[in-house]
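Please look through the model below before reading the comments. They are numbered so that each can be answered separately.

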Amino acid sequence: MTLPYRLRIGLSRVGGLVLHILCLPFDLLVGYPFVLVTTQPRTWRFDHGILLGVWRPWIAARWRYSTTLGHGHGRHERHLAGHTDQHERVHTRQGEDAAILAWTIAGLVLGVCGLAAWPLALGLVCGSYALLAVAHLGALLRGTHPYRDAEIERSAYGQTDPIETGNAGRSWLDVHEERAGR
Ligand SMILES: [Zn+2]
């Protein structure tokens with residue numbers, strides 16, 4: 001079923017707002033402060049609700065990656081555009097899905113245990129992005145690399161890495177497995 005264009009745009013705007021609200025506890029407590037502390041003030045900008053900043057020099061010298069915590073992105077200057085930027089935005093969307101799960105579980109906890117369980121419910125919604133850590137644990141339990149083989153990373157790399165010359169027609173996973181010797 002294809003929805004009319006205007007309805008689709010309207011739904012995506014409302015849906016986007018709902019997702020931002022669900023993520024707000026984590027973003028206010030962790031995601032945004034993380035960017036404010038670790039990146040240079042002159043580089044701060046909001047893009048679709050994501051607070052972006054370029055690492056402070058002392059971090060850039062020690063950490064070669066860009067890092068995403070919810071709607072907070074700490075980046076190297078060279079990662080502000082291109083597929084690394086797209087990769088980090090996949091993690092933000094994964095975090096939004098985790099927030100839906102966190103709020104659902106929090107609602108169930110309150111429904112089953114009553115209002116006295118509010119600290120647990122609050123902890124869940126404030127730490128929603130941390131639910132993604134199960135992907136790293138799953139990769140470890142499958143005997144694969146806890147970072148690179150986590151399903152959230154495979155998804156992000158698979159969605160955004162360019163297909164290299166000579167690998168046209170093959171999936172990202174095929175190439176990855178071959179390089180990992182599996
Ligand atoms: Zn990643």
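1. Basis. This is a predicted model, in which local features need pLDDT of at least 70, side-chain atom pairs count only at pLDDT 80 or more, and totals for chains, interfaces and linings use all residues. Residues are numbered from 1 along each chain as its sequence is written.

2. Overall make-up. The chain has seven helices and four strands; helices (H or I, at least four residues) and strands (E, at least two) are DSSP runs, numbered from the N terminus. Their order from the N terminus is α-β-β-α-β-β-α-α-α-α-α. The C-alpha trace spans about 55 × 45 × 40 Å along its principal axes.

3. Of the 182 residues in the chain, 25% are buried. A residue is buried if 20 or more other C-beta atoms lie within 10 Å of its own, exposed if 12 or fewer, and partly exposed in between, with C-beta atoms placed from the backbone. Two residues are in contact if their C-beta atoms, placed from the backbone, lie within 7 Å. Among contacts between residues at least 6 apart in sequence, 46% join residues at least 24 apart.

4. Helix α3. This helix has 31 residues and reaches 44 Å from its first C-alpha to its last, close to the 45 Å expected at 1.5 Å a residue; the expected span is 1.5 Å times one less than the number of residues. Its buried residues are E88, H91, T92, Q94, G95, E96, A98, A99, A102 and A106. They pack against α1 (5-38), β2 (50-54), β3 (67-69), β4 (72-75), α4 (118-126) and α6. Just after α3, G114 takes a positive phi of about 90 degrees.

5. α3 with α4. The two axes come within 8 Å and cross at roughly 175 degrees, where axes are lines fitted to C-alpha atoms, for helices over the stretch in contact, and angles run from 0 to 180 degrees between N-to-C directions. α3 and α4 are therefore roughly antiparallel; angles under 35 degrees count as roughly parallel, over 145 as roughly antiparallel, 65 to 115 as roughly perpendicular and the rest as oblique. A102, W103, I105, A106, V109 and L110 of α3 meet W118, L120, A121, L124 and V125 of α4. This contact divides into 11 nonpolar, no polar and no charged residues, with Ala, Val, Leu, Ile, Met, Phe, Trp, Tyr, Cys and Pro taken as nonpolar, Asp, Glu, Lys and Arg as charged, and the others, Gly among them, as polar.

6. α3 with α6. The axes of α3 (residues 83-113) and α6 (residues 151-160) come within 9 Å and cross at roughly 140 degrees, so the pair is oblique. H83, Q86, H87, V90, H91 and Q94 of α3 make the contact with I152, S155, A156, Y157, Q159 and T160 of α6. Here the division is four nonpolar, eight polar and no charged.

7. Residue L120. L120 lies in helix α4 and is partly exposed, with 13 other C-beta atoms within 10 Å. Its C-alpha is separated by 14 Å from that of F26, 94 residues apart along the chain.

8. Residue G72. G72 sits in strand β4 and counts as buried, with 26 C-beta neighbours inside 10 Å. Leaving aside residues up to four places away in sequence, G72 touches D27, G31, Y32, F34, V35 and L51. G72 and P33 are 39 residues apart in sequence and 8.1 Å apart in space, C-alpha to C-alpha.

9. Helix α7. Of the eight residues of α7 (residues 172-179), the number buried is zero, so the helix lies largely in the open. Just after α7, G181 takes a positive phi of about 75 degrees.
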